[in-house]
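Work through the exercises below with the sequence and the model at hand. Each task is followed by a solution in steps.

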Amino acid sequence: MHFQLTDEQEMIRNAAREFAQSAIAPVAARYDESGRFPEETIRQAGELGFMGVEIPEAYGGAGLDSISFALVVEEISAADAAHGVIVSVNNTLYGAPLLDFGTEQQKKKFLQPVASGAVNGAYALTESQSGSDAAAMRSRARLSDDGSYYSINARKSWITSGPVARYIILFAKTGSTDNGARDISAFLIDTEEAGFARGKTEPKLGIRASATCEIELTDYRCPVENRIGEEGQGFRIAMQVLDAGRIGIAAQALGIAQAAYDAAVAWSRERKAFGSPIGSFQAIQGKIADMKTRIEAARLLVYKAAWHKMESRASGAKNTLHGSMAKLFASETAMFVANEALQIHGGMGFSKEMPLERYFRDAKITEIYEGTSEIQRIVIGRLETGLR
């Protein structure tokens, strides 16, 4: 059993850290305040290969492994969680289904430009009435009489990178009767085609620079060749992709937790009370100990989930359990650490002059998207007991 990164993984982690701290950290607060999508730094991330870490070089990516992907998202999220989720979605929710289920033509047309960072990709599963219960979606895709295209009518919510995405993977029901998950299919949407419209941009609590919006399709014509996989295969695709996406969110949460922890340790050494650094007080040392222990436990879960993802891809097994455990624990660790770090900072932690309040706001979303903590516990419990 080895707890050591390879030379290549160390190199990619160092490259991601240098980029994140030099290019992203200095502008993170400004983008958070404005809520503007960080086009320049995301383009730079694409040039460095971070927008398609696991995508083969033939399709515009870096051709690296799953642990390298987790390291990239962790380091970028430590500088700014909004950048981290943009990178994660591009790699997993958009890139993974095309890599695993797309045709050669689809990979060249829709994957290559997104993996290289030339344009942005997004993933549209959630609707206003169907979040955790994805099978309850109302979006419909009806095959034309001549069988050449689907007419899609859909309204989707909470689309990360939606305001700027050129291509979107969208899920809609294709069956003539409502058979739930068995009717769902996946489609590639070109946002520059007629029938596509963007709705309101969400005014979010955290990760504000990761532009999020509603989208609406009205009689949108999607060529049959832009369907991913077979009809009725969409729900399986969506769930398999979320297994990968949860590792990305777990890595994002880990990065937030590490940043909050580092700030708390530095503050505990600098801040004095009653003539001594507050880090010398047992109450603060106890907080530091709990934070450090949880972060290291989360890191092991995240890296193991990434490793298991590679093993699963080779064997054809599922990675659901490990991804869910990593996402559950890392997200709750991020929230715990951000809260404790803010407490250690006292009144200054509550001020926008310090990054702690941003870490606190950003951490909360990791317990919600790509499967809430409640859903992760259901998934883990069902897998372990074999009962539904």
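## Exercise 1: helix α3 against helix α7

Task: describe how helix α3 and α7 are placed relative to each other, and which residues meet.

Solution. Step 1: the axes of helix α3 (residues 66-79) and α7 come within 8 Å and cross at roughly 145°. Axes here are lines fitted to C-alpha atoms, for helices over the stretch in contact, and angles run from 0 to 180 degrees between N-to-C directions. Helices are DSSP runs (H or I, at least four residues), as are strands (E, at least two), and both are numbered from the N terminus.

Step 1: α3 contributes S66, I67, A70, L71 and E74 to the contact, and α7 contributes R299, V302, Y303, A306, W307, K309 and M310. Contact means heavy atoms within 4.5 Å.

Step 2: sorted by class, the α3 and α7 contact has eight nonpolar, one polar and three charged residues. Ala, Val, Leu, Ile, Met, Phe, Trp, Tyr, Cys and Pro count as nonpolar, Asp, Glu, Lys and Arg as charged, and the others, Gly among them, as polar.

The model is predicted: local features need pLDDT of at least 70, side-chain atom pairs count only at pLDDT 80 or more, and totals for chains, interfaces and linings use all residues. Residues are numbered from 1 along each chain as its sequence is written, and side-chain values use heavy atoms, with hydrogens and water left out.

## Exercise 2: the two partners of α8

Task: state how α8 packs against α6 and against α9.

Solution. Step 1: the axes of helix α6 (residues 234-270) and helix α8 (residues 320-345) come within 8 Å, crossing at roughly 20°. That makes α6 roughly parallel to α8; angles under 35 degrees count as roughly parallel, over 145 as roughly antiparallel, 65 to 115 as roughly perpendicular and the rest as oblique.

Step 1: α6 and α8 cross in a left-handed sense, the near helix being turned anticlockwise from the far one by less than a right angle (clockwise would be right-handed). Their contact holds 17 nonpolar, six polar and three charged residues.

Step 2: between α8 and helix α9 (residues 356-365) the angle is about 160°, with the axes 9 Å apart. These two helices are therefore roughly antiparallel to each other. The crossing of α8 and α9 is left-handed.

Step 3: from α8, the residues A334, M335, A338, N339, A341, L342 and H345 meet L356, E357, Y359, F360, A363 and K364 of α9. They divide into nine nonpolar, two polar and two charged.

## Exercise 3: N319

Task: locate N319. Is N319 buried or exposed? Which residues does N319 touch?

Solution. Step 1: N319 sits in the loop between α7 (282-315) and α8.

Step 1: N319 counts as buried because its relative accessibility is 7%; buried means under 20% relative accessible area, exposed over 50%, partly exposed in between (1.4 Å probe, protein chains only).

Step 2: not counting residues up to four places away in sequence, N319 touches D243, I247, A305, H308, K309 and S312. With H308 there is a polar contact between the side chains, at 2.9 Å. A polar contact is a pair of N or O atoms within 3.5 Å; within protein, one must be able to donate a hydrogen and the other to accept it, and residues adjacent in sequence count only if both atoms are side-chain atoms.

## Exercise 4: positive phi

Task: what are the phi values of D219 and F274?

Solution. Step 1: most residues other than glycine have a negative phi.

Step 1: D219, in strand β7 (residues 212-223), has a positive phi near 50°.

Step 2: F274 has a positive phi of about 55°. F274 lies in the loop between β9 (272-273) and β10 (276-277), and at 82% relative accessibility F274 counts as exposed.
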